[in-house]
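Please look at the sequence and the structure below. The paragraphs after them go from one chain to its contacts and then to single residues.

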Amino acid sequence: MGGISLNYLVRRLLVFFLTLWVAATLIFIIPRLAPGDPIAAMVARLSYQAGFVENSNLIIEGWKERFGLNDPVYVQYVRYLTGLLRGDLGYSMARFPSTVSELVGRALPWTLGLVGVATVIFFVVGNLCGALLVWNKTPRMVRVMIPISMMFTSIPPLLAGLLLVYVFGFLFKWFPQTYSYGFGMTPALTLEFIANVIHHGFLPAMAIVLVTFGYWALGMRGMMITIEGEDYMILAQAKGLKPFYVLYRYMIRNAILPQMTALAVSIGTLVNGAVLVEVIFNYNGMGTLIFTALREQDFGLIQGTSFILITTSALAVLIIDLSYPLIDPRISLEGR
Amino acid sequence: MAEDITVKDAPVAGGTKKAGLLNRFDNPWLNWKFLSGAGILGFMFFLIFLGYQLWDTDLALSARAPLNLPPVGFSNWRGQEGIPEHPLGTENSGRDMLALWIVGTPRTIFVGVVAATVGMIAGIILGFMAGFLGGIFDDVIRLAVDIAITIPSLLVLIVIQAVLGRVDLLTMALLISLFSWATPTRYIRAQVLSMRESGYVQMARLSGVPVRDIMFKEIMPNLLPYLAASYIGNMQGAIISAVGLEVLGFGPQRIPSLGVAIFFSIEAGALFRNMWWWWGVPTVTLSIVFVALLLISLGLDEVANPRLRKAN
């Protein structure tokens, strides 16, 4: 990757690792800042549900010993961080023999697939729409249609998901309402299974795309208007270049760069939205996992899932940031 | 970056003489997006105000009305007709949906306003420090912003709320505000940074105007539309977080806000019992609020950036 200056690379990596460290530390500290201790609270909840828990003091002591909660805080902290480095997220309390890593490993691919596909769609469609809004050769019909299709922009994906699942899942029954593949199917790389997954994933993905692409169209429109006024556009037209070539090479190519930066900044918001969309559709990804963990008061699982999702977001941002100089040669010249 | 390019066109405070003459018709604040967005929100608040005067808001508590009634003119799966005593229907614990709307809507917006205001104040202070003082301040604040923006706030909020359990709305708003300073800070820093280099600020600096006056008398007025747009964006984000947390079950339960109503309806399977009014009333209301906020922020963008205006 010759285009990346060392300075830029180091700063990006620093931000990445600091983000992980801050997230891990927050997740470590928060339960310890709360009044009362988590194990006692958990046992209290158990006894609240079951009426009575025998030998609750012994259980509390046992768990404390097991999780090393009697050690000084800094010892716990170091042990926790080294555990994370080894990929050890501890056990799920509600589904005890399962480790958090196992459960997360099963859920993460679904979320990655859903959010990844949705992101590609809204980024491409949004930027294309924004570009077409400004391009002077755009057909009249398209110019009218795009703003109309953007009317759902800014509604949270969660609410769009509710509306979509009701209209297309419940009323029309065109799409399944829950889960990521049909009941009783075993995941396999067959055409039938893949079609089924797409069928199930369509509505959740649409819930994200429909309300998001308008933002990108608006951002792109702003960039394109600025570019339209540049001198090199006049030169391009004077040279008699084909309109499509001008649109692609002169306008979109320049306008897409700030959009990439914006994408990196919006990853966090995107993940927030996806978590909730999954809950609405009972999609078996990280969002639903965290929701079930909340239900079961499974604190270890909540922490682990949050941490892995934050890590994934940070990784996505890092990848976008590192690929940015590759498409914008000016960055390396500036030596940022 | 986007900001760097757009700022060059920022309107000069006071404007020229010609713009002053045309002010009545050419006032950038009078664009239709800003006005219609503000109008929608204003009308909604008017309806809520009317509702508080004319409707019994105690009906928003549970067990005050018959269960599961549909809105007037519809019938539910048991064949019950909607009755005028409960025009928007009722839900399965006997709350009147109209009363719930009157009580819940301002509560939801309240969370947004509190969280956005707190985040905004922090953002202005940090953004000005980073952009104006520069040096080590800038490095540290930029790093903090980069980290805070990367972390999906909802996940940390979930961890906090999993420990705290259900909290009241003010606490929830303050928790959300812990994560709503980063975007304004980033935005304001970029604006301040480019304004600092602009001609009139250089001029003021050369004339020996004190730093405080440069900040508040030279830069701040030009920054207003940006601040307003950023504030609206922040409010959207805060309401989204609040509704998200409520839908996950963390909201106050006795007097519900809109997100809590959605949580209850999902819990009770309202989607599949075709009780569309139950989740529909809060969902549509929230959607209208978000569209109105978007219109306002687009209008403010046009105020801040004359090029967007010209393109219309």
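This is a predicted model: local features need pLDDT of at least 70, side-chain atom pairs count only at pLDDT 80 or more; totals for chains, interfaces and linings use all residues.

Residues are numbered from 1 along each chain as its sequence is written, while chains are lettered from A and ligands numbered from 1 in the order in which they are written.

The C-alpha atoms of chain B fill a box of roughly 75 × 50 × 30 Å along the principal axes. Of the 312 residues in chain B, 47% are buried. A residue is buried if 20 or more other C-beta atoms lie within 10 Å of its own, exposed if 12 or fewer, and partly exposed in between, with C-beta atoms placed from the backbone.

The largest nonpolar core has 171 residues. Such a core is a set of buried Ala, Val, Leu, Ile, Met, Phe, Trp, Tyr and Cys residues joined through C-beta atoms within 7 Å. Helix 5 (residues 97-133) of chain B gives the most to this core, with 17 residues. Ile176(B) is among the residues with the most contacts inside the core. Beyond four places in sequence, Ile176(B) touches residues including Val111(B), Ala115(B) and Leu157(B); two residues are in contact if their C-beta atoms, placed from the backbone, lie within 7 Å.

How many residues of chain B are in contact with chain A? There are 41, and they meet 47 residues of chain A. The largest share of this side of chain B, ten residues, comes from helix 7 of chain B. By class, the side has 32 nonpolar, seven polar and two charged residues. Ala, Val, Leu, Ile, Met, Phe, Trp, Tyr, Cys and Pro count as nonpolar, Asp, Glu, Lys and Arg as charged, and the others, Gly among them, as polar.

Phe290(B) lies in helix 13 of chain B. Why is Phe290(B) called buried? Phe290(B) is buried because 22 other C-beta atoms lie within 10 Å. Leaving aside neighbours within four places in sequence, Phe290(B) is in contact with Ser154(A), Ile155(A), Pro156(A) and Gln236(B). Phe290(B) and Gln236(B) are 54 residues apart in sequence, yet 6.7 Å apart in space, C-alpha to C-alpha.

Terms used. Helices (H or I, at least four residues) and strands (E, at least two) are DSSP runs, numbered from the N terminus.
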